[in-house]
Amino acid sequence: MAAGGYADLREKLQSPHREKQRAASAPYNGRKRKLEAETGEAGLPGLCGGADEYEHSKYHSDYDDERQGEARRVKQGIRQVRLFTADQCTQIETQIDDVVSRAEKGIYRDHTVDRAPLRNKYFFGEGYTYGSQLEKRGPGQERLYPKGDVDDIPDWVHDLVIKKLVDHRIIPEGFVNSAVINDYQPGGCIVSHVDPIHIFERPIVSVSFFSDSALCFGCKFQFKPIRVSEPVYYLPVRRGSVTVLSDYAADEITHCIRPQDIRERRAVIILRKTRTDAPRLESKSLTSSVLPVHMSNRQSNSDRYQVVLKQKRSHRKADPDAAHRPRILEMDKEENRRSVILPKHRRRSDCAAENYWRKTHDCVDDDDDDDDEGDDGGGIDSPVRKVKMRRH
């Protein structure tokens, strides 16, 4: 029997004591790797261990102090109030469902609705270009849509939400001229960002509905697969609560909603005021020199805006089952392109991209695939049918 009462070394490695050791050493190992990357030195245990330990301790202390100081500044710029009762939340959530229904019927103007996987956005009062809609990306490139391109703020938002905030002196009368409803499905997210300073005044006011969630500050996103770093500050957000961001929390650090924090459907109403000098897209700025030759003079102004902007995603319908299916990843898009441009012997197996192709049967042998391709996948005897999954 091995030392310590273990008959098998694997039992020792899997013991609770071993797990505690790993957990205790994990933060130190992470700091060590980061310090080595910055200094270019790995340290020499036994020769200069004392100096290494001092450097690690100093780095850890400085890093923790900086994070704690930033977290305090974030917290100072946040005001949070539990304002709406359960019955009031239910009443407002019924109105949000009505907005979703009207959008599905195509009642709203084109720029009012913006759909993305697991998150739909509805602009009222004022809308603006952002993210992938911009030809030139980056902070400061956002622009308001021309007046009238999005629907007015619904009366129920004024009566049920804004009036209550004014009565409790959270915002002054007449402050809000932009209301945005973000409707998240489980697993949805919004990446780290700062609300455009050149577009919106401060503070930024948001009210949460349907379920509890969280707002995180100072996170970094990585994709393929999606990963999010630990936040500088984690703010729980309850159903019916009002969150007000200003100063450092609004301007000097990014905020986001992580996929793991959306466990159930969640909606948030964001209430803001646009700056009087905020840049705005104007139809008169689109001269004939930038329009295609075939564009008719009878086309509406909304058609002309598409010359400047990338095509919006508002034509995509939300799918209630979208949260239970994997997203279309960039690797799957690349696989589809490869299947078109590469010769057959250089293509990967049809089973390689699980998110892109779905078959009615399991993958068959390569010989059967060769026979099917001769019929272009459409023969009656073909046991396999390829179906392209659409983004939801």
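This is a predicted model: local features need pLDDT of at least 70, side-chain atom pairs count only at pLDDT 80 or more; totals for chains, interfaces and linings use all residues.
Start with confidence. The protein averages a pLDDT of 74. Of the residues, 55% score at least 70. Two stretches call for care. Over residues 32-47, pLDDT stays under 50, and the model has 14 contacts there beyond four places in sequence. Over residues 313-343, pLDDT also stays under 50. For that stretch the model has 61 contacts beyond four places in sequence.

Now find the sheet. Four strands form an open sheet in the order β5-β12-β7-β10. The pairing is antiparallel. β5 (190-193) and β10 (233-237) stand at the edges. Each has a single partner strand, so one side of each lacks a neighbour in the sheet. On average, neighbouring strands here are turned by 20° against each other, direction ignored. Look at the pairing of β7 with β12. β7 covers residues 213-217 and β12 covers residues 255-257; two bridges join them. Across this pairing, Phe217 stands opposite His255 in β12.

Turn to charge. Side chains of opposite charge can pair when their charged atoms come close. The count for this model is 13 salt bridges. One of them joins Arg239 to Glu93, with the closest N and O atoms 2.8 Å apart. This pair links distant parts of the chain, 146 residues apart. Arg239 sits in the loop between β10 and β11 (241-245), while Glu93 belongs to helix α4 (residues 86-104). Arg239 has 23% relative accessibility, so it counts as partly exposed. Glu93 is buried, with a relative accessible area of 8%.

Helix α4 also supplies Glu104, which pairs with Arg115 in strand β2 (residues 113-116). Glu104, at 28%, is partly exposed.

A further salt bridge joins Lys147 to Glu126, with the closest N and O atoms 2.8 Å apart. Both residues lie in the loop between β3 (119-124) and α5 (155-167), so the pair ties together parts of that loop 21 residues apart in sequence. Lys147 is exposed at 63% relative accessibility. Glu126 is buried at 4%. Finally, salt bridges that share partners join Asp97, Asp183 and Arg265 into one network.

Definitions and conventions
Residues are numbered from 1 along each chain as its sequence is written. Side-chain values use heavy atoms; hydrogens and water are left out. pLDDT is the predictor's confidence in each residue, from 0 to 100. Contact means heavy atoms within 4.5 Å. Two strands pair if DSSP finds at least two bridges between them. Axes are lines fitted to C-alpha atoms, for helices over the stretch in contact, and angles run from 0 to 180 degrees between N-to-C directions. A salt bridge is a side-chain nitrogen of Lys or Arg within 4 Å of a carboxyl oxygen of Asp or Glu. Buried means under 20% relative accessible area, exposed over 50%, partly exposed in between (1.4 Å probe, protein chains only).
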